[in-house]
Amino acid sequence: MSLLTDLINLNLSDCTGKIIAEYIWIGGSGIDIRSKARTLSGPVSDPSKLPKWNYDGSSTGQAPGKDSEVILYPQAIFKDPFRRGNNILVMCDCYTPAGEPIPTNKRYNAAKIFSHPDVVAQETWYGIEQEYTLLQKDVKWPLGWPVGGFPGPQGPYYCSAGADKAFGRDIVDAHYKACLYAGIDISGINGEVMPGQWEFQVGPSVGISAADQMWIARYILERITEIAGVVLSFDPKPIQGDWNGAGAHTNYSTKAMRSDGGYEVIKKAIGKLGRRHKEHIAAYGEGNERRLTGRHETADINTFIWGVANRGASIRVGRDTENNGKGYFEDRRPASNMDPYVVTSMIAETTILLEE
């Protein structure tokens, strides 16, 4: 008799050329990730060769019951670390049967910005630092915390090791390796300041690919926490009080910023971001006002400031960038639940397409 794990790990290539494609999309809340699988006749590496599909949008808060069909357009392909072999994960965006993007399809507008000739010419690079919190399943309280109580104060947990300080490392490391397997530009992981909170980084990645990869990395993490029986939270302030919140700091550069004289280009770009501070804050995630308080390595949500090596600023410039006269900067305002399509494209739009 086969065990369940034996069947899960069946190598399909031993008996068929068919593959499984997991179609992934963003649900009606803007942060929930949905997916379903279909069989394809053979391996596919070009998303344009994949068939469109549909789903019941009335069950995801994206369409009325009387006209519920939403169409999935495949946009990016990744290797599937769960089924392995030639099986794939497919990042999709969502349209009406008439071909119009539905309101929650933020990728559509991002693609328009990233395809603008001025943006293409600048080869925008992104590195996104995704913070998240692991919660105990039945009580929705951070992993490693005593139920109904609190651990010792912050200090010993950041980048720590030890059973009394680092909680959930098996999940974090499994996610790291699964992302590398999938072909995601994951560049690192670390334990965060609040116990039970971790971070992974995606990048440097170019243009809209950074957002595609971040959504797939989030999906993979959701699947791994599902297996582990742990709840994944992207809440920007999961625990009130003297505990750090969770953000998605977004590092950014253009070709001009990376070239000689780039520091002046960076300062001009930061000036543009300051002019549109309110618009960016409005698009940078729900509940961010609970995180951006001016404490716990944040700037106040109503204040725009920038500085070199200042983790209490809205925009931080690294010492190396200042010393080299070129490089990149970090937008520290996005919340952990931000939509990477919105944030990456908005930064490009403001810094490249907004007139002086």
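Trainee: Which residues have the most contacts inside the largest nonpolar core?

Mentor: Tyr 132, Ile 184, Ile 220 and Phe 329, in a core of 63 residues. A nonpolar core here is a set of buried Ala, Val, Leu, Ile, Met, Phe, Trp, Tyr and Cys residues joined through side-chain atoms within 4.5 Å. Buried means under 20% relative accessible area, exposed over 50%, and partly exposed in between, with a 1.4 Å probe and protein chains only.

Trainee: And which helix gives the largest share of this core?

Mentor: Helix α5, residues 209-228, with 10 residues. Helices (H or I, at least four residues) and strands (E, at least two) are DSSP runs, numbered from the N terminus.

Trainee: What sort of model is this?

Mentor: A predicted one: local features need pLDDT of at least 70, side-chain atom pairs count only at pLDDT 80 or more, and totals for chains, interfaces and linings use all residues. Residues are numbered from 1 along each chain as its sequence is written, and side-chain values use heavy atoms, with hydrogens and water left out.

Trainee: Back to Tyr 132. What does it touch?

Mentor: Leaving out residues up to four places away in sequence, its contacts include Val 172, Trp 198, Phe 200, Leu 221 and Phe 234. Contact means heavy atoms within 4.5 Å.

Trainee: How many residues are in the other core?

Mentor: 17, among them Trp 25, Leu 40, Val 44 and Tyr 55.

Trainee: New topic. What is the strand order in the open sheet?

Mentor: β2-β1-β5-β4-β3, 5 strands with mixed pairing. Two strands pair if DSSP finds at least two bridges between them.

Trainee: Do β1 and β5 run parallel or antiparallel?

Mentor: Parallel, with 4 bridges joining β1 (residues 19-26) to β5 (residues 88-95). Ala 21 has Ile 88 in β5 as its bridge partner.

Trainee: Where is Asp 339?

Mentor: In the loop between β13 (329-331) and α10.

Trainee: Buried or exposed, and why?

Mentor: Asp 339 counts as buried because its relative accessibility is 10%.

Trainee: What does Asp 339 touch?

Mentor: Lys 106 and Trp 215, again not counting residues up to four places away in sequence. Asp 339 and Trp 215 are 124 residues apart in sequence, and their C-alpha atoms are 8.6 Å apart in space.
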